[in-house]
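This report covers domains, salt bridges and backbone angles. The sequence and structure come first.

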Amino acid sequence: MVKKILSNGFAYEKNGSVYFDVRKFMEKHKYGELSGRNIDDLLEGTRDLDGQDEKKNSIDFAIWKAVTPSHIQRWPSPWGEGIPGWHLECSAMGTKYLGKEFDIHGGGMDLKFPHHECEIAQNVGAYGHAPVRYWMHSNMLTVNGEKMSKSKGNSFLPRELFAGGHPLLEKAYSPMSVRFFMLQSHYSSTLDFSNEALGAAEKGYRKLGAALTAIKGLSYTSEANANAELVSDLNRLVEECYKNMSDDFNTAKTLAVLFEMSARINDFKSGNVVIASVDATTFEKFKSTYITFMEDVLGLMEDKSINNDLLDGTINVLVELRKKARTDRNYALSDKIRDDLQAIGVQLKDGKNGEINYTIE
RNA sequence: GGUUCCGUGGCCGAGUGGCUAGGCUGAGCUCUGCAAAAGCUCCUACAGCGGUUCGAAUCCGCUCGGAACCUCCA
């Protein structure tokens, strides 16, 4: 790729290094369009840095860099031993594995300039056209309103978020809760981590997750008195899922729709509204859309952290005892079973027809 | 200094000219033996000051506050 750029006249060699000639490139192509930079401003605003003397212009950048023999990484090249420039690595890898043109390139917005700008210039310089159709730049994360950085000591890793124990974290948050939390905001907005916000997200996710489990257990029976209003409402919700995700991945709006859907699901589950009040096609589409958008589109799976047959069986013994106590109207005993389980983190939920479900904290 | 972006109700966070986003919290109601869960209802905001417009959170200007980038490494 370096050779191609050189032979196209957009680079020059100096002391074993090869630099991209931005001025030359701009005679035929545009540079700085992605980030809206003005090159004259860039030339003025440049600060003094090491190793600039080899460049014709300060905005030029290395696509191949000569290294000293003591450098651990080095490869032979027509210009001597060296390493690829940072930007070039990405252009070369993208082109090799995804082709000379691919659909989406993501990255943090801190990489927009210069890195992605240079990537474009390299591909245009080598192959004559831009490598990427759509650029998606995600915004930065902050913690309690401050930029996350090692020097400030306010950074933590995903696994610390999931495991808890970090001084800034009051507790551990499940991967799904964190995912929900991030999906609540647009990818291009800054997102602020705080215990309060994460805790709220945890509850919100549980609600959607419970509805996911619920609808998987619901199936269509037969149609009775159709409720036209409900039918059009369910169809509307299905459409909105697609509409919102098609609008530059508006996950926050999509989640709002899923919450509306979860209310309808809980109506079906509790029997407040009978499934028979909609037609089979509407119900099946509604069901599959909720499951698809939760699991496949947003990646919000059921939290199967508790999957222990022994524990499950043990709790079910207690559940059966409580059922018996309730039919005997021995509420003192049934309440004790419920309260004692609650105290150790197992919450029983009575259904309408005597069924008892439970969740584990 | 330059460029770009942001400032929304108690908290989080969508929304780009008129139509209540949503979640969390709080209050009330229904259901329930009592709870929990669930459903329903309520709490109607848009940094400040001007301007454009019949009408602005949304457009323009200024002020205040915050963030990112401005090619060392990756």
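## Terms and basis

A salt bridge is a side-chain nitrogen of Lys or Arg within 4 Å of a carboxyl oxygen of Asp or Glu. This is a predicted model, in which local features need pLDDT of at least 70, side-chain atom pairs count only at pLDDT 80 or more, and totals for chains, interfaces and linings use all residues. Residues are numbered from 1 along each chain as its sequence is written, chains are lettered from A and ligands numbered from 1 in the order in which they are written, and side-chain values use heavy atoms, with hydrogens and water left out.

## Domains

Chain A is assigned domain 1 (2-138), domain 2 (146-297) and domain 3 (309-360); such bounds come from an automatic or database domain assignment. Taken over C-alpha atoms, the centres of domain 2 and domain 3 are 28 Å apart.

## Salt bridges

The whole structure holds 16 salt bridges. One of them pairs the side chains of Lys171 and Glu202, at 2.6 Å from N to O. Lys171 sits in the loop between helix H6 (158-163) and helix H7 (175-183), and Glu202 in helix H8 (residues 195-216), so the contact ties together parts that are 31 residues apart in sequence. Helices (H or I, at least four residues) and strands (E, at least two) are DSSP runs, numbered from the N terminus. Lys171 is partly exposed at 37% relative accessible area, whereas Glu202 is buried at 12%. Here buried means under 20% relative accessible area, exposed over 50%, and partly exposed in between (1.4 Å probe, protein chains only).

Lys323 and Glu320 also form a salt bridge, at 3.5 Å from N to O. These two residues are 3 apart in helix H12, which means that about one helical turn separates them. Lys323 is partly exposed, with a relative accessible area of 23%, and Glu320 is partly exposed with 46%. The side chains of Lys324 and Asp328 meet in a further salt bridge, at 2.7 Å from N to O; Asp328 is partly exposed, at 46%. Elsewhere, salt bridges with shared partners link Glu101, Asp103 and Arg133 in one network.

## Positive phi angles

Which values of phi do Asn15 and Arg329 have? For Asn15, which is not glycine, phi is positive and near 50°. Asn15 belongs to the loop between strand E1 (11-14) and strand E2 (17-20) and is exposed, at 56% relative accessible area.

Arg329, also a non-glycine residue, has a positive phi of about 55°. Arg329 lies in the loop between helix H12 (309-327) and helix H13 (331-343), and its relative accessible area of 62% makes Arg329 exposed.
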